[in-house]
Amino acid sequence: MNLILFIFISSCEDFLEVPIPTHKIMSETVFNDETTAISAMTGIYHELFNATFSSGGINSVTALAGLSADILEPISTNNYQLTEFKENEISPSNSANLKLWASAYKIIYMVNSLLEGLENSQNISQETIDRLQGEAKFVRAFTYLQLLALYGEVPLITTTDYRNNALSARNSIASIEMQILTDLNDALIKVNTSSDEIERTRITKFAVMALLARVYCYQDNWEKAAELSSLVIAETGTFEILQNLDLVFLANSREAIWQISPKGRGNILTYPNEGQLFVGTSTSSIKLSDRFVSTFEPNDSRMHHWIGFYSSGTRTFNFPYKYKDRSSNNNITEYSMVLRLAEQYLIRAEARAMLGNLSDAIADIDKIRLRAGLELIVNINPEIGKEALLELILEERKNELFSEWGHRWLDLKRTGTAAKALEPIKPLWEESDLLFPIPEEERIKNPNLGQNTGY
Amino acid sequence: MINNHKSVRWRRVFACCLFFLTLLEPLSAQDLIVSGKVTDGKLPISGANVLIKNTKNGVVTDFDGRYNITAKTTDTLLISYLGYTTLTIPIQNRTTINVTLQEDATALGEVQINAGYYTTTDRERTGSITRVTAKDIEQQPIVSPLEALQGRMAGVEIVQQNGIPGSAPIIRIRGQNSLRSEGNYPLYIIDGVPVSSTPINSYGNMSNTGIDPLNTLSLSNIESIEVLKDADATAIYGSRGANGVILISTKRGSQRKSGLEARIYSGMGKASKKMKLLNTEEYLKIRNEAFQNDGEQPTESNAYDLILWDKNRYTDWQDELFGGTSIISDINLSASGGKENTFFRLGGSYHKEGTILPGDFSYNKVTAGLNINHTSNNNKLGLNLTLNYGVDRNNFINNRSLISSALTLPPNAPSMYKSDGTLNWMDWEYSAWNNPMAGLYNTSKAQSNTIVSNLELTYNLTNSFLFKTNLGYTELSSNEVIKMPKRSYNPRNWEYVSHRSIHSESNRNSWIIEPQLAYQNNIGTGKLDALIGITFQHSVSDRLLMNADGYVSESMIGNLASAEKTIANTNEEITYKYHAVFARIGYNWNEKYFLNLTGRRDGSSRFGANKRFANFGAIGGAWIFSEEPFMKNHNSILSFGKLRGSYGITGSDQIGDYGYMDTYASTRAPGGLYPTQLTNPDYSWEENKKLEAAVDVGLFRDRIRLGISWYRNRSSNQLVGYPLPSLTGFSSVQANLPATVQNTGWELELATNNIQSNELHWQTFINLTIPKNELLEFPNIEQTSYANQYRLGHPLNIKLLYQYDGIDPNTGLYKMVDANQDGKLDYEDQIVILDQGRKYYAGINNSIAYKGISLQFLWEFVKQKSRKDPFPPGFIGNYPKKILDVLKEDTELQMISQSVESYIAYSRVINSTFYIEDTSFLRLKSISLSYNLPAQIMSTIGITEGKLFLNAHNLITLTNYKGLDPQSIGNNLPVLRTISCGLQLNF
């Protein structure tokens with residue numbers, strides 16, 4: 001009897017085979033075909049719009065690092081999640097912090113999965129493999145750059161093997177920087193030179209150069225920073241500083257080097273998350289610090305075009321108004337900006353000033369001031385000294401790049417001016433606040449994960 | 001050793017002698033023909049079994065209840081019929097024996113109980129099976145058969161979550177076994193065909209529980225519902241038996257009933273409860289108090305209710321928003337008949353139920369059921385075809401916030417409508433409330449079609465062997481369209497909203513083939529039943545969810561071709577295959593000792609290649625000790641006594657399909673793919689080990705029947721997301737956790753025949769369940785996402801609360817205990833554990849019959865604790881009357897205030913011990929009165945039976961709970977209180 005049963009059962013094991021459902025596709029299949037492999041990269045671009053850290057939403061780097069610096073403030077003090085960032089008293093269990101962290105590693109997982117898939121693929125042309133590898137590595141480098149800037153040492157994950165990764169310890173800053181440079185240099189060789197596409201949502205060689213320029217700037221490697229930003233700035237057929245401030249953040253604006261499209265949301269809503277977060281309404285949760293707004297010169301046109309004022313009853317506040325669209329559907333007008341030309345001018349200005357080339361630095365900074373409707377340094381203070389110029393560049397960076405990707409927070413950190421700028425306005429300021437805490441929940445699940453000092 | 005051998009040998013010799021004796025015995029008696037008539041006292045019973053005891057010889061009575069049987073003069077006749085007490089009559093040389101069968105008072109005795117693959121009787125069963133039959137179900141003015149079980153069974157917890165017709169109740173048989181709430185559905189089997197028990201997704205319905213997949217069954221078409229609870233009963237269902245099995249059998253054509261039955265009823269329903277809220281005068285007093293306490297001046301923006309709105313206006317918003325009356329009507333007809341070897345039954349029904357919400361909406365269903373059974377002339381081949389078909393349409397208002405609006409709108413809020421009947425937006429302009437009727441014109445129309453069909457073929461190979469096969473097919477298709485026209489919304493927002501619709505479609509179909517071989521023989525003084533079978537099941541379910549917007553005109557909403565943009569959010573097709581071998585051996589020795597072994601080897605496509613198969617099985621035994629001579633001879637009180645017990649392993653494969661595969665899926669945005677999950681090809685079944693011990697006794701010639709069972713179910717190998725740090729890319733991976741959930745409990749079922757005379761019958765049935773649920777083990781729980789949801793050693797259904805610390809004399813606000821004294825109040829201070837589950841629950845059913853009048857009433861009692869309905873600190877919005885206590889001297893409430901501090905204190909206190917309340921309730925679940933029209937008058941107009949009946953549901957609820965329905969705490973539409981009356985005529 002048992003024997004019969006056994007034979008019967010084994011012959012019927014085949015019965016239990018189910019076909020792959022149409023709404024899923026096996027990983028091997030994805031990377032055995034050019035189109036689907038490209039789609040896996042497209043998926044990463046889409047996810048960047050939704051991933052907390054890069055979304056531009058309430059828990060994004062833009063919002064949280066803006067609060068940590070002297071740019072943004074929560075409107076209601078009841079929002080403890082946000083208040084903790086503003087007071088630089090982030091609790092390791094802060095869930096906004098965890099979401100930001102987790103979403104970055106999710107993107108890293110997607111990149112690693114794509115890279116592993118490409119490694120084993122058979123039917124894809126070398127050209128496509130190169131291009132996808134380049135784009136994916138760029139995204140990985142970009143993500144690690146954010147993590148590094150916010151948390152310092154973090155685990156460096158370059159595979160999808162969760163059994164090992166789950167117990168990773170933190171890697172040194174040097175090794176992460178090394179990985180970032182390796183990825184970017186590889187990307188520089190592999191991604192397309194051509195930027196003839198109308199859409200600026202895909203990584204081009206210039207995006208890689210622009211990010212490299214930023215990395216070198218963070219590393220005080222001024223020759224390289226100047227060299228790479230110059231390469232981007234030289235591409236005048238593609239990029240220009242738009243004189244009309246209202247056009248800068250539009251989809252595929254000529255100032256954009258890389259943007260993320262709200263298309264990634266995947267439904268009929270088409271506004272960028274920054275628009276929804278910042279544009280003032282009765283339910284807004286974040287505003288611009290009054291102190292920050294007061295540092296603008298009165299005739300700075302950025303104050304008039306990029307800052308809005310909300311007033312209803314006793315509720316009045318300033319808000320970032322770079323993005324105007326907070327509720328559109330079926331009508332994309334703005335993309336979320338990641339890299340734009342103005343930053344390259346500011347990087348080059350700083351690099352040139354650092355290298356002692358003050359006159360060229362002034363020319364670069366004046367490019368930005370000209371558009372802002374400010375008087376040019378070359379006219380009002382052509383003999384400005386190096387230190388004063390660097391200070392002015394830092395100030396200009398603040399007023400140009402505010403409420404974008406936490407630039408101000410990172411600038412304060414890398415220039416060592418955080419304490420000077422923040423101590424007067426943040427009573428609980430400590431030097432250890434420069435790094436966010438490693439999320440508590442991650443440390444509970446991974447005993448090998450250390451914590452930053454001060455938490 | 002030697003002694004043992006000897007005793008075995010002696011037993012054999014003894015058994016052989018017995019065997020020969022039985023062979024020899026018939027030779028000493030003479031054959032004769034016995035005839036007679038079987039009646040129930042008035043009417044003949046056709047189809048009753050007349051059997052010669054200890055043989056297989058038997059006949060069935062004809063239409064007039066007559067029978068002829070050849071027997072020996074010393075034989076004894078056993079005369080039985082479903083639902084009647086079996087009589088044992090020695091022939092004693094008589095040739096005419098007329099018999100009157102008594103209806104079986106306690107529904108025990110020889111009534112066949114469906115155990116799924118085999119049948120048993122209440123007397124002989126070794127497992128835990130309870131049942132309800134047609135008479136408890138058919139007249140009830142309800143939609144789903146599951147509601148009929150409420151309060152009637154021990155160990156079966158059914159919670160109707162709201163009063164929306166057709167919404168799925170929560171059903172738990174002996175508690176929650178799986179940590180995943182979606183892993184606790186029992187297995188539903190209709191006429192041998194498994195039907196998915198997962199509720200059907202609904203987007204428009206006001207409930208988020210989904211639609212009950214059993215709605216489309218006709219209640220009048222159900223013969224019985226059996227619930228299998230312990231390992232002995234469920235292990236034969238292997239991997240699908242962990243959460244219990246619900247077997248539904250539909251009515252069959254039979255020899256006994258021939259003719260036409262018609263039943264019609266109609267009734268009305270209203271919300272079973274309204275909350276006591278403040279009237280305008282009281283409300284304004286509280287509101288003014290808030291401004292006074294805060295020292296603030298009311299302004300147009302913070303006190304539009306005090307300044308802009310009419311202070312003399314009063315609206316009972318509960319009346320306005322759910323105070324309607326639902327009209328219920330139901331018709332059903334059935335015809336049955338047949339001749340000799342072939343019988344049929346055809347039934348059809350129509351049910352319509354209105355809504356108590358505003359608008360003209362209703363629930364409608366039409367069903368049809370057909371059964372044909374045939375036996376070949378030589379009695380070898382049997383064929384039984386069952387078809388059940390049902391269609392329902394649920395038109396409903398699509399506004400999820402109606403109930404909470406009804407409870408929180410200020411009593412002086414402006415009118416919803418303008419004088420011309422259109423929505424009034426203007427007067428609501430300055431309020432935080434949208435007009436509560438926003439969404440009034442949003443409709444949801446859900447429709448489903450269900451077919452459950454089964455063909456059962458049997459063939460008697462020999463006297464002992466029976467071959468049987470089930471061929472089942474079931475299909476359920478449902479679709480729902482939600483229409484959202486612009487005029488449902490404030491014209492101010494029209495630039496953002498357009499005419500929209502949501503479309504949802506889902507189909508489930510499944511076929512099953514189950515060939516089986518059954519063996520039955522007398523071995524020694526016992527009887528052996530054995531069964532072996534194979535199952536092949538193949539199910540496909542697909543789902544499509546679409547959003548469409550930008551219709552040009554309201555009249556076009558729903559026509560996808562007319563939409564400006566359509567987006568398919570979900571479109572998936574899931575295949576599930578299942579394959580098993582199962583077997584059962586039952587041995588009954590001397591009608592005294594019973595042994596039942598069941599087993600199943602299961603394979604499921606939900607697991608990876610190495611983990612597809614698993615074995616399940618159980619052993620059950622029973623001992624009818626009252627049959628032992630020492631009991632029989634010395635006891636006049638005890639008429640029946642049985643001990644039984646079982647132990648076994650069942651499993652659960654209730655988990656998503658394809659989880660073990662390494663896959664990508666499409667992003668919502670066009671053109672992208674994303675990796676769906678971390679892949680673990682090695683996860684496997686949840687295991688549920690069930691242990692049961694029970695005693696069943698009958699006293700005073702079974703006038704009192706009592707059953708007490710104790711059970712312990714341990715569910716381990718919990719299939720959950722194993723938590724991982726997010727740096728792996730995901731926060732969990734599907735895996736088996738070594739966590740164990742234990743359900744233990746006592747169940748008591750008592751049936752008493754209080755009065756049993758010729759004219760008056762009074763019976764009482766009581767069931768009581770004392771369940772205990774406990775998370776037994778969960779290694780490293782503190783490192784998982786369950787850390788703040790579950791506590792080791794406590795039930796799964798808990799809530800962690802602050803310890804309330806009275807009113808702070810300085811601030812006048814609620815104060816909580818800072819348990820860890822770290823100066824802040826957070827989840828770490830929520831250390832009081834509230835068990836929100838049922839402590840015990842009971843049902844008391846009485847049935848009284850006097851001549852042609854009968855009365856039945858069922859009370860349901862539940863002992864539980866939950867959180868009270870909240871009363872906020874002083875903001876705009878109505879409050880329960882209880883808030884007026886705040887004006888008293890010795891109030892326990894915090895002062896009325898709108899300050900942020902008071903709101904923070906309030907949001908904490910609702911998560912504190914202050915808000916725990918005993919929400920136990922006693923509810924008159926159903927009461928029904930019926931009157932049999934005089935048979936003599938009826939027969940003159942060709943009616944064999946006529947009955948008038950009156951039913952009421954949820955008539956009385958006694959509880960301390962101040963909210964709407966103690967059964968489902970929160971802002972849910974309370975269950976309806978319905979009254980219906982009807983007429984039944986049999987021709």
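Select helix H19 (residues 386-401) and helix H20 (residues 407-414) of chain A: their axes come within 9 Å and cross at roughly 165°. Helices here are DSSP runs of H or I with at least four residues, strands are runs of E with at least two, and both are numbered from the N terminus. The axes are lines fitted to C-alpha atoms over the stretch in contact, with angles from 0 to 180 degrees between N-to-C directions. H19(A) is therefore roughly antiparallel to H20(A), a term for angles over 145 degrees.

This model is predicted: local features need pLDDT of at least 70, side-chain atom pairs count only at pLDDT 80 or more, and totals for chains, interfaces and linings use all residues. Residues are numbered from 1 along each chain as its sequence is written, while chains are lettered from A and ligands numbered from 1 in the order in which they are written.

Next, display A:Leu394, A:Arg397, A:Lys398 and A:Leu401 of H19(A), which meet A:His407, A:Arg408 and A:Asp411 of H20(A). Contact requires C-beta atoms, placed from the backbone, to lie within 7 Å.

Now move to the boundary between the chains, where 52 residues of chain A contact 45 residues of chain B. Elements of chain A that each supply at least two residues to this side include helix H1 (2-12), strand S1 (24-26) and helix H7 (95-119).

Finally, select S1(A) with strand S30 (residues 663-666) of chain B, which pair in the antiparallel sense over 3 bridges; pairing requires at least two DSSP bridges. Within S30(B), B:Tyr664 is the bridge partner of A:Ile25.

Terms used
Two residues are in contact if their C-beta atoms, placed from the backbone, lie within 7 Å. Angles under 35 degrees count as roughly parallel, over 145 as roughly antiparallel, 65 to 115 as roughly perpendicular and the rest as oblique.
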